[in-house]
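This briefing sets out selected features of the structure shown below. The points are grouped by topic.

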Protein chains: 2
Amino acid sequence: MPARISRLADFLPYLLSVTSNAVSGRIADEYNARFGLRIPEWRVMAVLGDAGALTQRELVGATLMDKVAVNRACKVLEERSLIARSPNTSDGRSHHLELTGAGKAMHAQIMPLALEMEALLFDALNEEEQATFKALLGRLRRRVQELSGEQEFSR
Amino acid sequence: MPARISRLADFLPYLLSVTSNAVSGRIADEYNARFGLRIPEWRVMAVLGDAGALTQRELVGATLMDKVAVNRACKVLEERSLIARSPNTSDGRSHHLELTGAGKAMHAQIMPLALEMEALLFDALNEEEQATFKALLGRLRRRVQELSGEQEFSR
DNA sequence: GCGATTTGGTTGCATTAGAGACTAGTTATG
DNA sequence: CATAACTAGTCTCTAATGCAACCAAATCGC
């Protein structure tokens, strides 16, 4: 008995939240099962693989994650020898973080899986719809940022 | 220095997650500031206001939240005398939950604010785009559910 | 109707995320 | 250069989320 769903189901922020959680949960399970990575760690790997050596500060900017989240993810990855720190000659407070050989090897497995997952999940949308969806998300995000005050782009 | 954003930014699940968090965070702040409500509590209020008396089990179905989240939200709302329990004659394990007078009064303030917030946030999208966005989210969610196994629709 | 199974609700526990304080190193100012 | 103001990173504490075990009431099978 599907108990008449309330108007909540028409509320866009709700729909957005539920959908996002479903997608994230699915992906998190997959990465955890295959690589023992959690999402913050995966994001750091993805960015480092793409951009090369970065500081934590730069990772915060690139992933939009909290600096604590970045720090924890890096610590875990370093313990697993997937990334390595090298001193930053131009600023002694930070280090350059870079994928190790093992890290690069994992990255090479991770990215195809990411695209595969994306394709699988977004199967329900054709090319054009995916592009539209992406564009709308982008505009929405910018709008929220704009509303959420005049701060740079922390958080 | 906007450090070349990596390919992560093109990854749909990432974009979805970041956007959803931004939207939810903004709304959570607003409801917390104005009514001292958190999102799970707000959702329960919204559904009860719309559907009348329901059991916790029915609320789980209507909000897609975890039963623990529903239980906790109800407990808080009951303590604040925004909702009241009455015995369920047809099943002694559960109760009917319903908005009190105060609850209804708050609901009458809450819903317009919800629509206002929705309008404000989704300002960046015109009518048609909003409809498209909603439809795409719906299809995406159904797709994930479908992939996530044959379970009813718990979680 | 009586034991076995199921289900609504509750509690406790483990995991996660975020805010704030703190440390070490850097830049700006006199 | 010495002090003040700032910044990258780390640590700690608290709040939020979800799972699993649990209790009590209901249903099923005989």
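A residue counts as buried when its relative accessible area is under 20%, as exposed when that area is over 50%, and as partly exposed in between. Ser17(A), with a relative accessible area of 9%, is therefore buried. The model is a predicted one. Chain A contains six helices and two strands, arranged along the sequence in the pattern α-α-α-α-β-β-α-α.

**Chain A as a whole**

- Taken along the principal axes, the box filled by the C-alpha atoms of chain A is roughly 60 × 40 × 30 Å.
- Chain A has 155 residues, of which 41% count as buried.
- Among the contacts in chain A with a separation of 6 or more, 54% come from residues 24 or more positions apart.
- The side chains of chain A include 20 positive and 20 negative ones, and the centres of these two sets are 6 Å apart.

**Helix α1 of chain A**

- Ser17(A) belongs to helix α1 of chain A, which spans residues 12-35.
- Once neighbours within four places in sequence are left aside, Ser17(A) is in contact with Ser20(B), Ser24(B) and Arg43(B).
- Gly25(A) is also found in helix α1 of chain A.
- The relative accessibility of Gly25(A) is 18%, so Gly25(A) counts as buried.
- Gly25(A) and Arg72(A) are 47 residues apart along the chain, and their C-alpha atoms are separated by 20 Å.

**Packing of helices α2 and α4 in chain A**

- Two packed helices are described by the angle between their axes and the distance between the axes.
- In chain A, the axes of helix α2 (residues 39-51) and helix α4 (residues 67-79) come within 9 Å and cross at roughly 75 degrees.
- Angles of 65 to 115 degrees count as roughly perpendicular, and α2(A) is therefore roughly perpendicular to α4(A).
- On the α2(A) side, the contact is made by Pro40(A), Glu41(A), Val44(A) and Met45(A).
- On the α4(A) side, the contact is made by Ala73(A), Cys74(A), Val76(A) and Leu77(A).

**Helix α3 of chain A**

- Helix α3 of chain A covers residues 56-63, and its buried residues are Leu59(A), Val60(A), Ala62(A) and Thr63(A).
- Within chain A, the buried residues of α3(A) pack against α2, α4 and β2 (95-99).
- The buried residues of α3(A) also pack against α1 (12-35) of chain B.

**Positive phi angles**

- In chain B, Leu64(B) has a phi near 60 degrees, a positive value in a residue other than glycine.
- Leu64(B) is placed in the loop between α3 (56-63) and α4 (67-79) of chain B.
- With a relative accessibility of 22%, Leu64(B) counts as partly exposed.
- Ser81(A) is not a glycine, yet its phi is positive at about 60 degrees.
- Ser81(A) lies in the loop between α4 and β1 (83-87) of chain A.
- The relative accessibility of Ser81(A) is 45%, and Ser81(A) thus counts as partly exposed.

**Strand β2 of chain B**

- Leu97(B) has its place in strand β2 of chain B, residues 95-99.
- At a relative accessibility of 1%, Leu97(B) counts as buried.
- Not counting residues up to four places away in sequence, Leu97(B) touches a series of chain B residues, among them Leu48(B), Gly52(B), Ala53(B), Leu54(B), Thr55(B), Gln56(B) and Leu59(B).
- The residues touched by Leu97(B) also include Cys74(B), Ile83(B), Ala84(B) and Arg85(B).
- From C-alpha to C-alpha, Leu97(B) and Glu78(B) are 9.1 Å apart in space, and they are 19 residues apart in sequence.

**Helix α6 of chain B**

- Glu129(B) is found in helix α6 of chain B, which runs over residues 127-147.
- Leaving out residues up to four places away in sequence, Glu129(B) touches Leu136(A) and Arg139(A) in chain A and Ala124(B) in chain B.
- Glu129(B) and Ser148(B) are 19 residues apart in sequence, and the distance between their C-alpha atoms is 28 Å.

Key
Residues numbered from 1 in each chain as written. Chains lettered and ligands numbered in written order. Predicted model: local features only at pLDDT ≥ 70, side-chain atom pairs only at ≥ 80, totals over all residues. Heavy atoms only, no water. Helix = DSSP H or I, 4+ residues; strand = E, 2+ residues; numbered from the N terminus. Buried < 20%, exposed > 50% of the residue type's maximum accessible area, 1.4 Å probe, protein only. Contact = heavy atoms within 4.5 Å. Lys, Arg positive; Asp, Glu negative; His and termini not counted. Charge placed at Lys NZ, Arg CZ, Asp CG, Glu CD. Axes fitted to C-alpha atoms, helices over the stretch in contact; angles between N-to-C directions. Parallel < 35°, antiparallel > 145°, perpendicular 65-115°, else oblique.
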